Amino acid sequence: MDAVHPSLLKRKIIHVDMDAFYAAVEMRDNPELHGKPVVIGGSPQSRAVVCTSNYEARKFGIRSAMSCAHAFRLCPQTVFLPPDFAKYTQVSRQIREIFARYTSIIEPLSLDEAFLDVTANQQDLYASQIGKMIQSDVSRELLLTCSVGVAPNKLVAKIASDFRKPAGLTVVPPEKVASFMRELPVRKIFGVGPATEKRLNHAGIKTCDDVLRFPFVQLEAQLGSFAHWIHMAAQGLDDRSVTVHRERRSLGREETFSQDLILVPRLLQELESLAELVGRDLQRKQLRGRTLTLKVKYHDFSQITRSRTLSRASDDSAEFIAAAKLLLLEKTEAGRKKIRLLGLSVSNLETKSGTEHQLVSEWSDDEALLTPL
Ligand SMILES: [Mg+2]
């Protein structure tokens, strides 16, 4: 057998991924939904997209990010529900309380996913035991299921948690990493999206093993510095540490319109109400921000962001409105191209006393205005 790479002996990482999280919470709280296809998103008559579908709905080909109208065509019996982020945030907190019994090094990726570093856990348990205990705590206390991957690093742990869904536990010890990766499609590598996948496939690279057999110089010619990451990742090597997020980096609001907007006065009006909401959110949280970012999604789903930094941190909606208007009028195609969504966020945050504020997660998740992705 090949020697185990020393970096695989440094850490024990767990990736926990809740199974069909939003849908599972709704099914738990409403037994009438059992056995029925369920989509969390919005009405199929609206322009909402699918945030989560349960496993019954997935049998009909319904997937996240698909329009609810499309989901309805695939399966008209589907129950469509609006998302209840306040509830999911609350459950997510309960899940994190369970994680905290085993380690303090927790990196949440979203409401339903997190990395845990359990290398030096308080109770001196095997990482796989901790994985099992988390699954049983979650199922006993919250009546939900999660899938768990246990591995020497984040890359492999995340792939492992997806290996046997739902309610799966996949443990990849250091000596199994190389063989676990070998047959996997390159798409499984973190950072390889559809475009890179296509380029790699075009070069005859379909699996991680193909990556390793391909001359590295040619790989580098194709992908630049990204080739290094892919080459390491194909061997299951990844040195990223689990980082505990402490600061909220931005706070924002966005709105998808019920119809694409083209008229500038109407867009300015929408922008004003977004700026007012953002200002109010900041005031409520005792924060000020310096950098304002406007996000525009056009009717064809292409998206741009444009930023402007104010001379000093502010929580004043009027200042945000003025800056946002300039951005919209000068830096976007407003008035020439139909717009589907506007978003406004403020970053470079500080508390009123002037120090960095400590909060988790990016966009505000406590109000229904948010468009989930
Ligand atoms: Mg999930």
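These legends describe the whole protein and then several close-up views of a predicted model.

Residue numbers start at 1 along each chain as its sequence is written. Because the model is predicted, local features need pLDDT of at least 70 and side-chain atom pairs count only at pLDDT 80 or more, while totals for chains, interfaces and linings use all residues.

**Figure 1**
Helices (H or I, at least four residues) and strands (E, at least two) are DSSP runs, numbered from the N terminus. The C-alpha trace spans about 70 × 55 × 50 Å along its principal axes. Of the 373 residues, 36% count as buried. A residue is buried if 20 or more other C-beta atoms lie within 10 Å of its own, exposed if 12 or fewer, and partly exposed in between; C-beta atoms are placed from the backbone.

**Figure 1. The division into domains.**
Domain 1 takes in 8–20 + 86–175, and domain 2 covers 27–85. Domain 3 is 183–234, and domain 4 is 250–351. These bounds come from an automatic or database domain assignment. The C-alpha centres of domain 1 and domain 4 lie 36 Å apart.

**Figure 2. An open sheet of three strands, in the order β3-β2-β4.**
Its pairing is mixed. The edge strands, β3 (52–53) and β4 (79–81), each pair on one side only. Two strands pair if DSSP finds at least two bridges between them. Strand β2 (residues 38–40) runs parallel to β4, and three bridges join them. Here Val39 stands opposite Phe80 in β4. Helix α1 (residues 21–29) packs on this sheet and touches β2, β3 and β4. Contact means that the C-beta atoms of two residues, placed from the backbone, lie within 7 Å. The direction of α1 makes about 120° with that of β2. Axes are lines fitted to C-alpha atoms, for helices over the stretch in contact, and angles run from 0 to 180 degrees between N-to-C directions.

**Figure 3. Strand β7 and its two faces.**
All six of the six residues in β7 (residues 146–151) are buried. Cys146, Val148 and Val150 lie on one side. Ser147, Gly149 and Ala151 lie on the other.

**Figure 4. The partners of β7.**
Strand β1 (residues 13–18) runs antiparallel to β7, with six bridges between them. His15 has Gly149 as its bridge partner in β7. Strand β8 (residues 169–171) runs parallel to β7, joined by three bridges. Val150 has Val171 as its bridge partner in β8. The chain crosses from β7 to β8 through helix α6 (residues 154–161), and this β-α-β crossover is left-handed. A right-handed crossover is one where, with the strands pointing away from the viewer, the path from the first strand over the helix to the second runs clockwise.

Lys165 and Pro166 are joined by a cis peptide bond, with omega about -5°. Ala20 counts as buried because it has 24 C-beta neighbours inside 10 Å. Gln286 is not a glycine, yet its phi is positive at about 60°. With 11 C-beta neighbours inside 10 Å, Gln286 counts as exposed.
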